[in-house]
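We'll walk through it one topic at a time.

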Amino acid sequence: MEMENKLDGNAAGGVLQAIFPFDMTTAEGICAGCGEHYVMAATAVYKHGMGTILRCPSCDTVLIRVAEIKGCYWLDMRGMRVLLLLGAVA
Amino acid sequence: MRGDRPSSFSNLKSGDGVDRIANFILEKAACMTERFVSRGFRGRRQQGEFTGRVPPGQYVESGFPVLSAGPTPRTPLDRWNLSIEGKVDRARRWTWSEFHALPRESVTKDIHCVTKWTKLDTHWEGVSVDTLLAGLEVRGRYVIGFCDGGYTTNLPLHDLTGGKAFVVDTYEGHLLAPEHGGPVRLLVPHLYFWKSAKWLRGLRVVEADEPGFWESLGYHNHGDPWKEERYSGD
Amino acid sequence: MEGRALLGRLTWQLGDVVSVHTETTRTRSITLAVPAWPGHRPGQHVDVRLTAEDGHQAERSYSIASPSEAGNRVTLTIERLEAGEVSPYLVNELRVGDRLELRGPIGGYFVWEAQMGGPLLLLAGGSGIVPLMAMLRHRATVGSKLPTRLLYSARSSEDVIYRDELAGLTSDATGLETIYALTRSQPSGWSGYRRRIDMEMLRDVAWPIDRHPQAFICGPTPLVEAAASSLVTLGHDARHIKTERFGPTGADRR
């Protein structure tokens, strides 16, 4: 079986915490595709020179897409129905 | 960053020459580009020999990097088909064996990825998009390439016709491997390679342009490497 | 864990390379002094960024090998991937006195600290040993005797990183057992495992499910997924299995 370059949510922790002031690996989410609830560290992450893609570990729905382009972040989170940031209220 | 810099032109007296303003702009630009450089790091740059063939900002790569935004689809060939749909007089669909019965071409092209690698003289075999559209009345000016796994890319129709684009199933004499987009991928070598969509399942003709997967995330809507159309606004 | 979530946005920092240490023929540890380092927890990682003169940048993630008690010192252990862009620079070119751009610490999920309890099951594939070593170094520093088993899969004994240090940490007195699976070549007289981690091996090595172990698995994606799936099949609670995938090895990347 060919090895696609699939990582997990730990690999997206850096770029997401460059955007949000939270540890995003312990954040939890609900997939807008299948309704599954999971911890972000357990999502499937595809990361390369064009951007970082997080997918639902159950149904492969794209949860989050991030690209860093000319000093700007392009962030699409339509695939997350809810992002739960535990203990994040200051 | 260096010490205090003037943040406006207010300290420039009237009568100061054009040189003062030009120098100010150059110094401000230099501040913005001051950045840490890793001693001794050269990345994969290659200089010289191919410069005529290599678009601006690209370097020549001998490997074939695989960039994927998701799991590799594995549609069984007996359930696979390729379609032309949308704003056409009649939709078309080919099974794998029907696709193989179409007139085929071999092409050798240079390909250019927006992540800056260029691969020279790649050999492909497949069917020209002109062949797929032959005899169809096409009623829209834009096309969405759609794929197993959900990837999409958008192109003006004229970037797919006139011998500029192919649907290919063979790379370097072998059937296209799944990680490189097999069973078939779109091949549009005159644009950045994200437009050459892997795991292609069809082309949908539309009246209004719709940005695809990367085009909707900050990448250029057109993607001409010779004009360095990498990102939105370039 | 309450209140740990609000941390602040990560920014790129510069660390000074203060020491380098060859671990194996393909791996090297690099210790950085990072002036404003906020500290880190065992299992966390950093993103490293290299910038060439022409502006080209390349970024990769590396686990922190040093335990949390090391102050503003951050040690990374890097495996050189032959077709890699960043790792050959970090293993062969970077020298003491150079500076390296990094962002971190990252990741509060793949973390173990002694107060989280045990028993602890650590499964490492290749360079996946690095974050688990940070956990073991922390464990040793705080004097924890929580029962711990490390199952470490490597191609050969020459590819085992931290071999002597692991030997020093492993004893009945410390409560650490280390089991190796050498998958490609073995020293003569080797009586240990000669194959990749599989369900039968885990059935032998993993703690009984009624001990409710905490498992941490790190290494190439296929190893991690197969091992996690095997543990679940053996009856372990998926909520106590934490994974960190390093992706395919260099040979498979192209």
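This is a predicted model: local features need pLDDT of at least 70, side-chain atom pairs count only at pLDDT 80 or more; totals for chains, interfaces and linings use all residues.

**A sheet in chain B**

- Chain B has an open sheet built from 5 strands, in the order E3-E2-E11-E6-E7, and the pairing is mixed.
- Which strands stand at the edges? They are strand E3 (92-95) and strand E7 (152-156) of chain B; each has a single partner strand, so one side of each is left without a neighbour in the sheet.
- Direction ignored, neighbouring strands of this sheet are turned by 15 degrees against each other on average.
- Zoom in on one pair: strand E6 (residues 142-147) of chain B runs antiparallel to E7(B), and the two pair over 5 bridges.
- In that pair, you'll find Ile144(B) opposite Asn154(B) of E7(B).
- As background, strands of a sheet pair through backbone hydrogen bonds, either parallel or antiparallel.

**A helix in chain C**

- The buried residues of H5(C) are Thr221(C), Leu223(C), Val224(C), Ala227(C), Ala228(C) and Leu231(C).
- A handy rule here: an α-helix has 3.6 residues a turn, so residues three or four places apart point the same way.
- What covers the buried residues of H5(C)? The cover includes E1 of chain A, along with strand E7 (120-125), strand E8 (148-154), helix H4 (199-205), strand E10 (214-219) and strand E11 (241-245) of chain C.
- After H5(C) comes Gly235(C), with a positive phi near 105 degrees.

- Is Leu100(C) buried or exposed? Leu100(C) is buried, because 24 other C-beta atoms lie within 10 Å and 20 or more is the cut-off.
- Leu100(C) belongs to strand E6 (residues 99-106) of chain C.
- Leaving out residues up to four places away in sequence, Leu100(C) touches Gly15(C), Val17(C), Leu32(C), Val48(C) and Leu94(C).
- Take Leu32(C) from that list: Leu32(C) and Leu100(C) are 68 residues apart along the chain, while their C-alpha atoms are separated by 8.1 Å.
- Over in chain A, Cys31(A) lies in strand E2 (residues 28-31).
- Cys31(A) counts as buried too, because it has 23 C-beta neighbours inside 10 Å.
- Again leaving out residues up to four places away in sequence, Cys31(A) touches several residues, among them Cys56(A), Cys59(A), Leu63(A) and Arg81(A).
- C-alpha to C-alpha, Cys31(A) and Leu83(A) are 9.2 Å apart in space, though 52 residues apart in sequence.

**Where the chains meet**

- How many residues of chain A are in contact with chain C? The count is 23 residues of chain A, in contact with 27 residues of chain C.
- On chain A's side, the elements that give two or more residues are strand E1 (6-8) and helix H1 (13-19).
- H1(A) gives the most to that side, with 4 residues.
- By class, the side of chain A that touches chain C has 12 nonpolar, 8 polar and 3 charged residues.
- Chain B also meets chain C: 14 residues of chain B are in contact with 16 residues of chain C.
- The chain B side of this contact divides into 5 nonpolar, 4 polar and 5 charged residues.

Technical notes: Residues are numbered from 1 along each chain as its sequence is written. Chains are lettered from A and ligands numbered from 1 in the order in which they are written. Two strands pair if DSSP finds at least two bridges between them. Axes are lines fitted to C-alpha atoms, for helices over the stretch in contact, and angles run from 0 to 180 degrees between N-to-C directions. A residue is buried if 20 or more other C-beta atoms lie within 10 Å of its own, exposed if 12 or fewer, and partly exposed in between; C-beta atoms are placed from the backbone. Two residues are in contact if their C-beta atoms, placed from the backbone, lie within 7 Å. Ala, Val, Leu, Ile, Met, Phe, Trp, Tyr, Cys and Pro count as nonpolar, Asp, Glu, Lys and Arg as charged, and the others, Gly among them, as polar.
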